[in-house]
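Hello,

Here is the structure I promised to pass on to you. Have a look at it first, and then read my notes below.

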Amino acid sequence: MAEQAADGVPGEPPSAAAATPAGSPLSACRRLRAVEPVLLLATLALALQAPLATQLLWDRLGARNGSDSGPAGEPRGGCPNHTGSSQQELETLVAHWNLYLNLAGFFVGLFSVTLFGPWSDSVGRRPVLILPALGMALQAAVYLVVMYAELPVGYLVVGRVLSGLSGDYNLILAGCFAYVADVSDRTARTFRVAVLEACLGLAGMVASVLGGQWRKAQGYVAPFWLVFAASLAAALYAAFVLQESVLQRQPRRLLTLRHYATVYRLYTSPACGRAWHRLLLYSLAFFVVVTVHFGAREILVLYELGPPLCWSPELIGYGSAAQYLTYLSSLGGLWLLQRCLPDAWVAQLGLLSNALGLVTVALAGTTALMFTGYGLLFLSMMVTPVIRSKLSKSVGENEQGALFAAVACVEGLCSLVATGVFSSLFPACLSFMKGFPFLFGAILLLVPAAIIGGIEVQDGTARYRRFGEAPSSRQEAEPSPQDE
């Protein structure tokens, strides 16, 4: 019965377990097709680590600059006991250190992800889920050593580099989304991708509430032990429980330039016709949307720590939980809106929700208005599953690993650009409008709105023209299944 439940999902390819004897150890330990636990555990680790690392930098650098922060392991909250240029100097220093850490992870991870992603199309998805999870556990171990030994914050860069060498969190995203593309049909792929993205919100929401309360009660060390444990658990699940989704696996060399060439050809092969143009345009839209998302998230903790909000770690945790709750509310919104609207217009409503929320956050001077901004973001995460699904349908089924490796690199580039732009813009705007970076992000969202709307109008015009064309011409204009 368990094998039938695993292999009988409508629209999914036959399971690899079907070719395995029922009583074999392989059948017993690999009959689960749910990749969501891997993403849940990895996101739990990342969502715990990110705001705590920013607050750790705030405390360590503030103590070095002579503020009243105290030792890094003790909980603190509210605004520091210094104002004016000293406050702005600390905020600028923390923002720059966030930039250094992201740069270290990006430049190393860029080569790792594009190497491992296409490799997974041949050898399977499980290896590219195990390796980055172990890398994240190693990074958490380095952070713990820095805290236990009271080492300078510069040693945190070592952890980021080690995690980047293994592919980092971006490779886990690439592997999970490629896994979902392997086991879902084209018609249900958008919602299945949205379910996977909802796992990001669920794990992030739990981690945010837990991290704020735990840090307030016990400092930084205990939560980082959970980061280590969650990363290690993700690796163990992928290694011993998850069933492989690539049915026709074959050995393939890892250290070869052929994997990079595969990713390169996806974006430089006009022979694919309209699908190639769609791939480029949707990738650009995805880049802008995710850059705004990462950029806003990068400076939110700093925005909430300083005046006029001066939030405590507990409130920061609640704010992060409200931000991650948008993944779940967006999943519900996507499920309802897909019944009456095409995916493109669902994405447009998500962009509108995102813009309204960012404008409200930019003007927030009170806690109530800040949470109102979080509330207006309730449909903002409907955009990325739509774009991921359309990207997945633009390539062949044997290119999903290469595609999502490329998407992961785009996400890494988004993180780099977002950190560089928003972390530099934030201290520059402190003197005239502290929330201007959020307003800037809302304006940038006009770009993906124009791209998605333009593609939808072009597709509608192409369908209309087919009615007036000769049969031969109409057959030439008919879009391929990959374009649908």
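Let me start inside the protein, with the second largest cavity. Helix H11 gives the most to its lining, with four residues. Please keep in mind that this is a predicted model.

How many residues line the second largest cavity, and which lie nearest its centre? There are 13 in the lining, and His-293, Gln-323, Asn-354, Leu-358 and Leu-377 are the ones nearest the centre. The elements that contribute two or more residues to this lining are helix H11 (274-305), helix H12 (313-337) and helix H13 (343-362). The space inside the second largest cavity comes to about 150 Å³. Sorted by class, its lining holds eight nonpolar and five polar residues, with no charged residues. If you count the cavities of 30 Å³ or more, you get four.

Now for the largest pocket. Its space is about 550 Å³. It is lined by 22 residues, and those closest to its centre are Asp-121, Val-246, Glu-397, Asn-398 and Glu-399. Which helix supplies the largest share of this lining? That is H10, with four residues. Helix H4 (85-123), helix H7 (168-183) and helix H10 (258-267) each provide at least two residues of the lining. By class, the lining of the largest pocket has nine charged, eight polar and five nonpolar residues.

Is Leu-210 buried, partly exposed or exposed? Its relative accessibility is 34%, so Leu-210 counts as partly exposed, as the range for that label runs between 20% and 50%.

Finally, a word on confidence. The average pLDDT of the protein is 80, and 82% of the residues score at least 70. Where does the pLDDT stay under 50? One such stretch is residues 1-31, for which the model has 45 contacts beyond four places in sequence. Residues 68-77 also have a pLDDT below 50, and this stretch has 29 contacts in the model beyond near neighbours in sequence.

Enjoy exploring, and write back with any questions.

Best wishes

Methods
Residues are numbered from 1 along each chain as its sequence is written. This is a predicted model: local features need pLDDT of at least 70, side-chain atom pairs count only at pLDDT 80 or more; totals for chains, interfaces and linings use all residues. Side-chain values use heavy atoms; hydrogens and water are left out. On a 1 Å grid over the protein atoms alone, a cavity is a set of points where a 1.4 Å probe fits but cannot get out, and a pocket is an open set with protein on both sides within 12 Å along at least five of seven lines; lining residues have an atom within 4 Å of a point. Grid points are joined across faces, edges and corners, and a volume is the space filled by probe spheres set on the points. Ala, Val, Leu, Ile, Met, Phe, Trp, Tyr, Cys and Pro count as nonpolar, Asp, Glu, Lys and Arg as charged, and the others, Gly among them, as polar. pLDDT is the predictor's confidence in each residue, from 0 to 100. Contact means heavy atoms within 4.5 Å. Buried means under 20% relative accessible area, exposed over 50%, partly exposed in between (1.4 Å probe, protein chains only).
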